[in-house]
Amino acid sequence: MSEIKKIGVFTSGGDAPGMNACIRSVVRSSIYMGLEVAGIYQGYRGMLENNITDMNSRSVSNIIHLGGTILKTARCNEFKTDEGMELAYQNIKAANIDALIAIGGDGTAKGAEKFSIKYGIPVICIPGTIDNDLYGTDFTLGFDTANNTVIQAIDKIRDTANSHDRLFFIEVMGRDSGCIALRSGIAGGAEAILLPERDTAIDDLISKLEKGAQNKKSSSIVIVAEGDKNGGAYDVAKRVKEKFNYYDTKVTILGHLQRGGSPSSTDRVLACRFGYAAVKALLAGETRQIVGIRGNTIKLTSLYEALNLHEFKLEEDLLELTHILSI
Ligand code: ADP
Ligand code: F6P
């Protein structure tokens, strides 16, 4: 028999579309399974500041379609200290919370693992980040929506790029992860994609663009991930222009609009499945696991394995395909 009577759920780190649908799933799955559930506001900061409230089925009505997170999110450096964690633990105990479900990225998962080890509180993580950079899942919550947002923007830029015969550098999010750049780049028909995980020589990029021009391309689109080692899209555009001035060149930084918006159908379904799986896992006695989807099957991976034993792998074939399809 499970000792768990009350679950605490929170969102932490960068927000991602689908977090609300996931909170809804956690709250309603918990209640369905006879548990109480509390929402912790602003992630770890809410634990420290005792910003915790009991939730019921109606607390999560009419949120399945909303971007952002009704529980708010935050980054909280104090939680990384012994004193911060202790305060968080005292507040969790006072709220009678027996187990936690954390929705967030790898930083959130690292914090959850440490907290669980230190205080013996069961924890299940749900990968919620537009960056798609967690091991143990093919897709994180929010990634699909963010890609859809980006390709809508690329499509619009393509219209004007084509009309004016221009070269556009479009910067997308991903400080450490090139996943959005890669997927949106191939779906948006980009000529080249620059990623944090790969060194792209500016000269190679120029020769690619030169070949396009020789091949009668009147406009071109290059996707630059925010964390690319050449710098942001402005730096890359400037260096390209110094040596290759064939096109009129423009830069667009998409920025935080990529993090907002109504979640796609794919993200909503994922959120519903992840939330239910997390509650079920806690009741089955699991702890320090991350829920994921692999080959359309929900799987658990230990946080230790997900955070320490694997390097996240890019979809290499997509990079290759971009070279082939952009001739
Ligand atoms: P994300 O979860 O999106 O990767 P962050 O990396 O900012 O976002 O992490 C979110 C929060 O998780 C941090 O603000 C901090 O409170 C907590 N956290 C991150 N790394 C650790 C760590 N090593 N130990 C304890 N807490 C951490
Ligand atoms: O949520 C992930 C992410 O969007 C990264 O790709 C980006 O570098 C970062 O968050 C920016 O976050 P913030 O502006 O909240 O610091």
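Predicted model: local features only at pLDDT ≥ 70, side-chain atom pairs only at ≥ 80, totals over all residues.
Let me begin with Gln42, which at 22% relative accessibility counts as partly exposed, because the buried class ends at under 20%. Gln42 sits in the loop that runs between strand E2, residues 36-40, and helix H2, residues 43-48, and its phi is positive, at about 55°, although the residue is not a glycine.

A second residue belongs beside it in this discussion. Asn132, which is likewise not a glycine, has a positive phi near 55°, and it is found in the loop between strand E5, residues 123-127, and helix H5, residues 143-164. Asn132, however, is buried, with a relative accessible area of 4%.

Let me turn now to the ligand. Ligand 1 takes up the space of the largest pocket, and it is surrounded by 15 residues, of which the closest are Arg75, Cys76, Gly105, Asp106 and Thr108.

As for individual polar contacts, a polar side-chain atom of Arg75 lies 2.9 Å from an oxygen atom of ligand 1, while Gly105 places a backbone N or O atom 3.0 Å from an oxygen atom of the ligand. On the nitrogen side, an N or O atom in the side chain of Lys114 is 3.4 Å from a nitrogen atom of ligand 1. Taken alone, ligand 1 would expose 560 Å², and the protein buries 84% of that area.

How values were computed: Residues numbered from 1 in each chain as written. Chains lettered and ligands numbered in written order. Heavy atoms only, no water. Helix = DSSP H or I, 4+ residues; strand = E, 2+ residues; numbered from the N terminus. Buried < 20%, exposed > 50% of the residue type's maximum accessible area, 1.4 Å probe, protein only. Near = heavy atom within 4 Å. Polar contact = N/O pair within 3.5 Å; in protein donor to acceptor, adjacent residues only side chain to side chain. Areas by Shrake-Rupley, 256 points an atom, 1.4 Å probe, with all protein chains shown as cover. 1 Å grid on protein atoms, 1.4 Å probe; cavity = no way out; pocket = protein on both sides within 12 Å on 5 of 7 lines; lining within 4 Å. Sits in = over half its atoms within 2 Å of the grid points.
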